[in-house]
2 protein chains.
Amino acid sequence: LVIAIDAMGGDFAPEAPLEGIRQVAVRNADVTFKIFGNEAVLHSFFLAHPTLQERVQIIHTSEYVTNDTPAREALRGLKCSSMRLAIQEVGSGGAECVVSAGNTGAYMALAKVILKTLPGIERPAIARAMPTQKGECVVLDLGANVEVTPFNLVEFAIMGEVFARSVLHKENPSVGLLNVGSEELKGNSIVRQAQELIREQNILANFYGFVEGDDIFAGTTDVVVTDGFSGNIALKTAEGCARFFATVMKQKLMQSWLSRLGTLLAFSALREIRERFDPRNYNGAPFLGLQGIAVKSHGGTDAVGFARAIEVAIELVRGGTNEKISLGIAKMKAHTASQLVDLSMPHCSNQ
Amino acid sequence: LVIAIDAMGGDFAPEAPLEGIRQVAVRNADVTFKIFGNEAVLHSFFLAHPTLQERVQIIHTSEYVTNDTPAREALRGLKCSSMRLAIQEVGSGGAECVVSAGNTGAYMALAKVILKTLPGIERPAIARAMPTQKGECVVLDLGANVEVTPFNLVEFAIMGEVFARSVLHKENPSVGLLNVGSEELKGNSIVRQAQELIREQNILANFYGFVEGDDIFAGTTDVVVTDGFSGNIALKTAEGCARFFATVMKQKLMQSWLSRLGTLLAFSALREIRERFDPRNYNGAPFLGLQGIAVKSHGGTDAVGFARAIEVAIELVRGGTNEKISLGIAKMKAHTASQLVDLSMPHCSNQ
């Protein structure tokens, strides 16, 4: 399994990506890497890790996409950016997946143009695992599509179900549509229509119906489907909430000698709590719906988080994600087509 | 200051509302209550609290809106529900504000029909205070309007600013528009147009611009404006996140003798943490934009939470909220009108 890595993206590049690669290599004996970036820097890292050298190929480039690079510039201006070359490696069949911690907008734009969407998919979506009371769930879309059609939400549901099987190892993932739930307020017309489509077409083996914001962390369903606007806001609100909690915890627990002593005694429990919420364990957001596996790592993560993003990419490849998405989409289209035939039947017999 | 109370709404009615009233009465010597509900039950409570008797008037009814009552039924069927009568008391001038912990959809529908919107306001919004790293902020809309126009968001911004002054006691509240922020994804057309409107009309003294989900808890702005769909999802996601955190904390800290001892030593710090996040301290969500102050208490809260909701209503009345909202809206309309005059001027001189 060959993985293309943009070593120059993210706040801690290239150190975090390189050390992440090393960690993944140790845990996965059968993967090799094609690494795109500044040759001199990359070589010096692998000189210090000689056992890895035969499993990595370094491809030099001096062009990089930064966080300030507009997507347009990344698309039209930078023809040799490490990000573009890494994606192209998947497009040309030289690698089976690509991972970058760089600029999301540029990465998404390049991936769409270079890899193209899977046949039948209108819009790719960004997905990510989240911790829940019952384990993990996947939420999508997290920001690729700020405006969606009911049909797009159905696509996301199919793609999310496949992610839940491949990466979260759920056998029969339940799928919920994110909505608001109070009495009169049964949601906007788009989610209502999406629910009707899913129910009518009977594509999802385990469709739950509507869920609300608090169902994400309650783990009510394995997949939570929403538009990119609400999904992005939900994800970032949760991140902010967790950060706030961590700050207040630290501040209050450190404020007296007694609580510091208590913290020391409860150290192992507190460490487990931290691990349960550690965003690095949930890092790795694939752009689902493309002809190739492209995973986005959080720009601010370290080697541990970057390694997790690479492993999400590996699981997506091994899980045959794109074949399964294509199958799901084909099944839906076939069903829609047969429904159209059904609908036209009376007209035919009336003639 | 006379407060109308629907004593029969919420999961712990009438006990939680009644005990909440008692707590508010103790802290606020100059308020009196008109309480709507089952006379027998209400009387027995006040018999046990004789000092309160002269400050409460009980109005008997045996019709109640439950959580399962459809808004339509509450509107057309139940002509004497405790919820309706309490709202009518504000409409007729017999009380200055109303508080209910009942069914949100029914409450909103009744309040809109009975109180009517303020002149110039197209859509009322549900607002609530949230804890932040810097203190508190107010988020709106939380679910009254799942689909909005750019103009509605401007209304919400004006109303949120007034809430921040009246209830959060901010002198010059900063206002942010909730959006998604990654590179290419600058949000949907509605928030972009709302930002343009606010910038052009220069109505808000302290407009910050776009904020993202994590800015809510970071306390980047004092007011966070969004549509009811995203706002409801953000609020409920945060609630779910906080609940998840609390569950894991409890579970892990109780799992060994050592961590239990640690918890005991850090008890006062942990209590402070719990208080900082206690949703009861942020309870009380007004329907802003109506001709009368109507505050929704969370249905699952207890007396402490219900008391806080009453106090939010008191602060909104004392802060002259509706006068200030009307002033803000009038200012905006005047500005829009003067802009129209400006635009028509060249045509006039050309004639």
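**Exercise 1.** Leaving aside its neighbours within four places in sequence, which residues is A:Thr61 in contact with?

*Solution.* The model is predicted, so local features need pLDDT of at least 70 and side-chain atom pairs count only at pLDDT 80 or more, while totals for chains, interfaces and linings use all residues. Residues are numbered from 1 along each chain as its sequence is written, chains are lettered from A, and side-chain values use heavy atoms, without hydrogens and water.

Step 1. Contact means heavy atoms within 4.5 Å.
Step 2. With neighbours within four places set aside, A:Thr61 is in contact with A:Gly37, A:Asn38, A:Cys80, A:Ser81, A:Ser82 and A:Leu85.

**Exercise 2.** Determine where A:Thr61 lies and whether A:Thr61 is buried or exposed.

*Solution.* Step 1. A:Thr61 belongs to the loop between strand E3 (56-60) and helix H3 (71-77) of chain A; strands (E, at least two residues) and helices (H or I, at least four) are DSSP runs numbered from the N terminus.
Step 2. The relative accessible area of A:Thr61 is 5%. Buried means under 20% (1.4 Å probe, protein chains only), so A:Thr61 is buried.
Step 3. The side chain of A:Thr61 reaches the backbone nitrogen of A:Glu63 at 3.3 Å.

**Exercise 3.** Describe chain A as a whole.

*Solution.* Step 1. Chain A contains 13 helices and 11 strands.
Step 2. Of its 351 residues, 58% count as buried.
Step 3. The C-alpha atoms of chain A fill a box of roughly 80 × 55 × 35 Å along the principal axes.
Step 4. Among contacts in chain A with a separation of 6 or more, 70% come from residues 24 or more positions apart.

Key
Buried means under 20% relative accessible area, exposed over 50%, partly exposed in between (1.4 Å probe, protein chains only). A polar contact is a pair of N or O atoms within 3.5 Å; within protein, one must be able to donate a hydrogen and the other to accept it, and residues adjacent in sequence count only if both atoms are side-chain atoms.
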